[in-house]
2 protein chains.
Amino acid sequence: MYCKCGKKAIIFRRYSGEKLCERCFNKSMIDRVKKVIRKYSLIEKNDRVCVAVSGGKDSLVLLHILKKLSEKYPFDLIALTIDEGIEGYRDKAIETVKRNCELLGIESRVYSFKKELGYPLDEIVKKDRELSSCSYCGVFRRYLLNKKTRELGCNKLAVGHNLDDEVQTILMNFLRGDLSRFGRTGPYYIYLNERFVPRIKPLREIPEKENVVYALSNNIEVEFSTCPYSGEAYRNNIREFLNKMELEQPTTKYSLLRSYDKIYSLLAKSLAKKLKYCEKCGEPTIGNVCKTCEFLEEL
Amino acid sequence: MYCKCGKKAIIFRRYSGEKLCERCFNKSMIDRVKKVIRKYSLIEKNDRVCVAVSGGKDSLVLLHILKKLSEKYPFDLIALTIDEGIEGYRDKAIETVKRNCELLGIESRVYSFKKELGYPLDEIVKKDRELSSCSYCGVFRRYLLNKKTRELGCNKLAVGHNLDDEVQTILMNFLRGDLSRFGRTGPYYIYLNERFVPRIKPLREIPEKENVVYALSNNIEVEFSTCPYSGEAYRNNIREFLNKMELEQPTTKYSLLRSYDKIYSLLAKSLAKKLKYCEKCGEPTIGNVCKTCEFLEEL
């Protein structure tokens, strides 16, 4: 299997028929991220971008690619990591993040559930709760990511969601009839609230597998272990189905994303919500009190 | 398992928790069809409704239920059947349709591919073609259904699509990125063209299984065999997936339909297309020549 440049190919993209060598593949990855950034104006001149870095392959590939781009284009980068407090998992990943940031010369900031909110996830999990640990973790993590990005003086929050994450989420919300969530999976997500920092997704057109190949081929040190509390059976069914459909029709994931994007552009206006400020903490919220304050009260 | 009225239940609806006896189930079916008809104004006073009747369970259940409703509400019914020309399959089904129409006192009209267009499907299948037989069959059938409904002086065409058909089609078009088809799965579908008869779907909120139960419990004679040419692998994967998700989360199909309906109401305007008239036959078409004339030319 050979690349069009004549070198030995390391990857075959079924959806496009391309066979790429290491060099052409890496170039193509950077080009695609650039293209998405341009298409949706994700990053503009003099932006200060916080990258949400967990230590996994997606967020670290994002950090490495944005670093490369920041050497050519005028924008700043900070790595932002949330330490949920999961012993034996996140602590290891944080060390990985730090080593990557040192290597790249990027400032790394870490904020913990424990210090910022009072409870590490390991403790929350032990309590008797109605909701899954993922519900608490998701709410708290998004809360801190938004707040800290803003406090660090950044105007964009970049997250590492890849094509697979995105199409799974889109289909999940579609099946659940949750149209307000359905309307939040765009490439550039913004709430009409000045304390809400726009979330951007430069990797949303990169298949998960290609992030893995990029990490390996660029010797990026990543944490491959999965969260001990993760157990999203519903998402797993959706992942399995989409992978099966992609196998039969290798453009399924991109087609679904295109369907979504067309609908998104039509829905965006009608779904755009003006947020209020939480009565307790002042952070942006849909109701009167934000979910984080509500959950903390409960705990 | 007992119905709330005290009688023995014949069905358990997982999605709603209801257990229903034969009488309450039949009443609930009629009520639901009535509700859908009202909600979307599918049938209005003095409408002349053509029912597309294939002889299968869905279209015959639709015919029987509409007949019941037409005894109370002022609208007319005609049964319209297309004979595609599939020996050993459709010919048997047509006899079933005729016996049902006689029983119900409904006028039955049958039009064949062979007589109207020159080729029975059995002959088309034998030719060397690029497209599947379902592509030809679908185009020709919809063409004749629309044309004959209009020629019979009817102003609505009722089709028997059930909940399962609808959510499969919605998901299929969503995965295929086919947004213009995606915009055509509403309860009341209309093209802006006076030769296009609006298509209505009174059974779109009835799960397939319940149509079977209704047919059995009302001793409706239906044709259960499947078309010898059917082989939609893609749709089968989607069916399997949706059934699996429904098993895990018994409201999945309804949730998906709700998601779609909300999107549909937002998309309908932007997707509504003004049709032209085919240069060859005068029937409504998107391009200059309709698909039917194009296919006939080819054959």
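User: What makes A:Val51 a residue in contact with others beyond its sequence neighbours?

Analyst: Two residues are in contact if their C-beta atoms, placed from the backbone, lie within 7 Å. Leaving out residues up to four places away in sequence, A:Val51 touches A:Ser59, A:Leu62, A:Leu63, A:Leu66, A:Leu77, A:Ala79, A:Leu80 and A:Ala158. The model is predicted: local features need pLDDT of at least 70, side-chain atom pairs count only at pLDDT 80 or more, and totals for chains, interfaces and linings use all residues. Residues are numbered from 1 along each chain as its sequence is written, and chains are lettered from A and ligands numbered from 1 in the order in which they are written.

User: Which residues have the most contacts inside the largest nonpolar core?

Analyst: They are A:Val51, A:Ala158, B:Val51 and B:Ala158, in a core of 133 residues. A nonpolar core is a set of buried Ala, Val, Leu, Ile, Met, Phe, Trp, Tyr and Cys residues joined through C-beta atoms within 7 Å.

User: Why is A:Ile106 called buried?

Analyst: A residue is buried if 20 or more other C-beta atoms lie within 10 Å of its own, exposed if 12 or fewer, and partly exposed in between. A:Ile106 has 20 C-beta neighbours inside 10 Å, so the residue counts as buried. A:Ile106 lies in the loop between helix H3 (90-104) and strand S5 (107-112) of chain A; helices (H or I, at least four residues) and strands (E, at least two) are DSSP runs, numbered from the N terminus. Beyond four places in sequence, A:Ile106 touches A:Leu63, A:Lys67, A:Leu77, A:Ile78, A:Ala79 and A:Cys101.

User: Why is H2(B) described as largely enclosed?

Analyst: Ten of the 14 residues of H2(B) are buried, so the helix is largely enclosed by the rest of the structure. Among the buried ones are B:Leu60, B:Val61 and B:His64. Their cover includes helix H1 (22-39), strand S3 (48-52), strand S4 (76-83) and helix H9 (208-217) of chain B.

User: How do you know what span is expected for H2(B)?

Analyst: The expected span of a helix is 1.5 Å times one less than its number of residues. H2(B), residues 57-70, reaches 20 Å from its first C-alpha to its last, close to the 20 Å expected.

User: What makes S5 and S7 of chain B edge strands?

Analyst: Two strands pair if DSSP finds at least two bridges between them. The open, mixed sheet of chain B has the order S5-S4-S3-S6-S8-S7. Strands S5 (107-112) and S7 (188-189) each have a single partner strand, so one side of each is left without a neighbour in the sheet. Two bridges join S7(B) to S8(B), running antiparallel, with B:Tyr189 opposite B:Arg199. Five bridges join S3(B) to S4(B), which run parallel, and B:Arg48 stands opposite B:Asp76.
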